[in-house]
Amino acid sequence: MAFARAAAWRNLGLATVSFALAFAAWGLISAFAPSFRTEFHLSGQATAFLIAVPVLLGSLARLPIGMLTDRLGGRVVFAALFAFIAFAAAIVPSAATYDRLIVYAFLLGVAGASFAIGVGFSSRWFPPDQQGTALGIYGLGNMGHSAAVFLGPVIAAQYGRDAVFYAIAALSAVWAVLFFALARNAPVTVRPASVRAMIAVLTKERLSW
């Protein structure tokens with residue numbers, strides 16, 4: 001019992017750190033929107049669209065990525081997500097045009113889907129009466145977005161904007177390996193629902209939209 005409890009809290013801690021790092025990556029585009037606006041001579045509307053693109057993809061991607069988490073487990077999906085974040089963050093500095101920047105921002109937006117992975121991954125480690133507490137702790141990872149918006153420009157003033165994106169890319173690549181090595185999925189007690197059953201919820205429950 002003590003071992004299972006320790007494993008639950010350890011995996012919750014890993015998921016919370018993952019959520020914070022992913023949301024930090026997710027917030028980089030908005031953090032540097034003023035500098036991108038200056039560099040590419042963007043209008044207010046174009047800048048707003050640039051900020052909205054990763055938010056849009058992060059929101060939409062939560063559905064399929066949440067379904068993948070149910071089927072494959074959060075350990076694999078979280079690790080794969082960080083490998084993708086590493087790639088997306090690393091190519092942002094190479095954007096030479098606004099159109100290319102939009103594409104890269106779109107790719108980096110996948111980081112916003114991390115919320116769906118961690119919820120499924122963390123909650124299964126705890127009984128129903130403790131899941132609210134666990135998910136509340138996991139939700140602290142939201143601070144990663146605020147940290148990126150606040151600290152990103154501060155660090156960039158010292159080392160340059162590109163260095164921030166490369167640093168997040170490197171951290172994400174390292175964390176992908178560490179998370180896969182250290183994290184464990186909770187013991188399966190209920191067989192995951194089929195993809196058809198998951199999609200059926202969208203036709204039966206209006207709130208799911």
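His41 is exposed, with a relative accessible area of 71% (exposed means over 50% relative accessible area, buried under 20% and partly exposed in between, using a 1.4 Å probe and protein chains only). Keep that residue in mind as a starting point for a tour of this predicted model, where local features need pLDDT of at least 70, side-chain atom pairs count only at pLDDT 80 or more, and totals for chains, interfaces and linings use all residues. Residues are numbered from 1 along each chain as its sequence is written, and side-chain values use heavy atoms, with hydrogens and water left out.

**The chain as a whole**

- The protein chain contains 12 helices and 0 strands; both are DSSP runs numbered from the N terminus, with helices (H or I) of at least four residues and strands (E) of at least two.
- Followed along the sequence, the pattern of the protein chain reads α-α-α-α-α-α-α-α-α-α-α-α.
- Of the 209 residues in the protein chain, 44% are buried.
- If you take the contacts between residues at least 6 apart in sequence, 83% of them join residues at least 24 apart; here contact means heavy atoms within 4.5 Å.

**His41 and the helices on either side of it**

- His41 sits in the loop between helix H3 (33-40) and helix H4 (44-60).
- The phi of His41 is near 55°, a positive value in a residue other than glycine.
- For background, most residues other than glycine have a negative phi.
- The axes of H3 and H4 come within 10 Å and cross at roughly 135°; axes are lines fitted to C-alpha atoms, for helices over the stretch in contact, and angles run from 0 to 180 degrees between N-to-C directions.
- That angle makes H3 oblique to H4 (under 35 degrees counts as roughly parallel, over 145 as roughly antiparallel, 65 to 115 as roughly perpendicular and the rest as oblique).
- H3 and H4 have a right-handed crossing; a crossing is right-handed if the near helix is turned clockwise from the far one by less than a right angle, and left-handed if anticlockwise.
- On the H3 side the contact is made by Ala33, Phe36 and Arg37, and on the H4 side by Gly44, Thr47, Leu50 and Ile51.
- By class, the contact of H3 with H4 has 4 nonpolar, 2 polar and 1 charged residues (Ala, Val, Leu, Ile, Met, Phe, Trp, Tyr, Cys and Pro count as nonpolar, Asp, Glu, Lys and Arg as charged, and the others, Gly among them, as polar).

**Arg161, a buried arginine**

- Arg161 is found in helix H11 (residues 161-182), and with a relative accessible area of 18% this residue is buried.
- The side chain of Arg161 makes a polar contact with the side chain of Glu39 at 2.5 Å, and another with the side chain of Ser35 at 3.1 Å.
- A polar contact is a pair of N or O atoms within 3.5 Å; within protein, one must be able to donate a hydrogen and the other to accept it, and residues adjacent in sequence count only if both atoms are side-chain atoms.
- Leaving aside neighbours within four places in sequence, Arg161 is in contact with Phe32, Ser35, Phe36, Glu39 and Ala156.

**Helices H6 and H7**

- Helix H6 (residues 74-91) and helix H7 (residues 98-108) pack at an angle of about 155°, with their axes 9 Å apart.
- H6 and H7 are therefore roughly antiparallel to each other, and their crossing is left-handed.
- From H6, Phe84, Ile85, Phe87, Ala88, Ala89 and Ile91 meet Tyr104, Leu107 and Leu108 in H7.
- The residues of this contact divide into 9 nonpolar, no polar and no charged.

- H8 (residues 114-123) includes Ser123, which counts as buried at 14% relative accessibility.
- H8 is mostly covered, with 8 of its 10 residues buried; among them are Ile117, Gly120 and Phe121.
- A polar atom of the Ser123 side chain lies 2.8 Å from the backbone oxygen of Val119.
- Beyond its neighbours within four places in sequence, Ser123 is in contact with Gly118, Gln131 and Leu135.
- The axes of H8 and helix H9 (residues 128-138) come within 10 Å and cross at roughly 145°, in a right-handed crossing.
- Ser114, Phe115, Gly118, Val119, Ser122 and Ser123 in H8 meet Gln131, Leu135 and Tyr138 in H9.
- The residues of the contact of H8 with H9 divide into 4 nonpolar, 5 polar and no charged.
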